[in-house]
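Subject: Structure for you to look at

Hello,

Please find the structure below. My notes on one part follow it.

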Amino acid sequence: MHDFNPIFKNRIEAGQVLGLKLRSKHITNPIVLALPRGGVIIGNEVAKILGTELDVVISRKIGSPEDEEFGIGAMAEDEVPFFNPELGDRYDFSGKKVTDIILSQKKELNRRITHYRGNRILPEVRGRN
């Protein structure tokens with residue numbers, strides 16, 4: 001059995017600690033982008049402390065054809081797949097199985113974007129911290 005001594009009581013406390021550390025940095029024009037699900041709880045606390053907006057960024061893992069839990073790549077809201085180049089000799093990233101996985105993940109990515117953000121687009125982050 002492992003001894004597990006968490007640093008924080010929960011994600012809310014973790015977000016509060018992080019928010020206070022960031023507030024001490026006097027960040028100008030901040031924005032908080034969080035990854036669902038657990039990251040949103042932390043991000044919400046940070047955004048409250050910084051007095052700024054919170055939004056989500058959706059991403060999806062691209063699992064290998066043999067084991068979907070083994071990530072060979074990922075994609076974010078731009079839907080451009082990024083693959084681990086070290087796995088290029090093991091997988092044909094343009095093969096039918098991987099292409100089918102990508103299409104499935106794009107569909108799930110868009111479903112989650114609609115679920116978490118509705119019709120809103122990602123806020124402009126250029127010039128923001």
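Starting with the outward side of helix H3, Lys-96, Lys-97, Leu-103, Lys-107, Thr-114 and His-115 are exposed. Exposed means over 50% relative accessible area, buried under 20% and partly exposed in between (1.4 Å probe, protein chains only). Helices (H or I, at least four residues) and strands (E, at least two) are DSSP runs, numbered from the N terminus.

This is a predicted model, in which local features need pLDDT of at least 70 and side-chain atom pairs count only at pLDDT 80 or more, while totals for chains, interfaces and linings use all residues. Residues are numbered from 1 along each chain as its sequence is written, and side-chain values use heavy atoms, leaving out hydrogens and water.

The buried residues of H3 are Val-98, Ile-102, Gln-105, Glu-108, Leu-109, Ile-113 and Arg-117. Seen down the helix axis, they fall within an arc of 145 degrees, so they line one face of H3; the arc is that of the directions from the axis to the C-beta atoms. They pack against strands E2 (54-56), E3 (60-63), E4 (71-75) and E5 (82-83), where contact means heavy atoms within 4.5 Å. After H3 comes Gly-118, with a positive phi near 65 degrees.

Arg-60 lies in strand E3 and is buried, at 19% relative accessible area. Its side chain makes a polar contact with that of Gln-105 (2.6 Å). A polar contact is a pair of N or O atoms within 3.5 Å; within protein, one must be able to donate a hydrogen and the other to accept it, and residues adjacent in sequence count only if both atoms are side-chain atoms.

Regards
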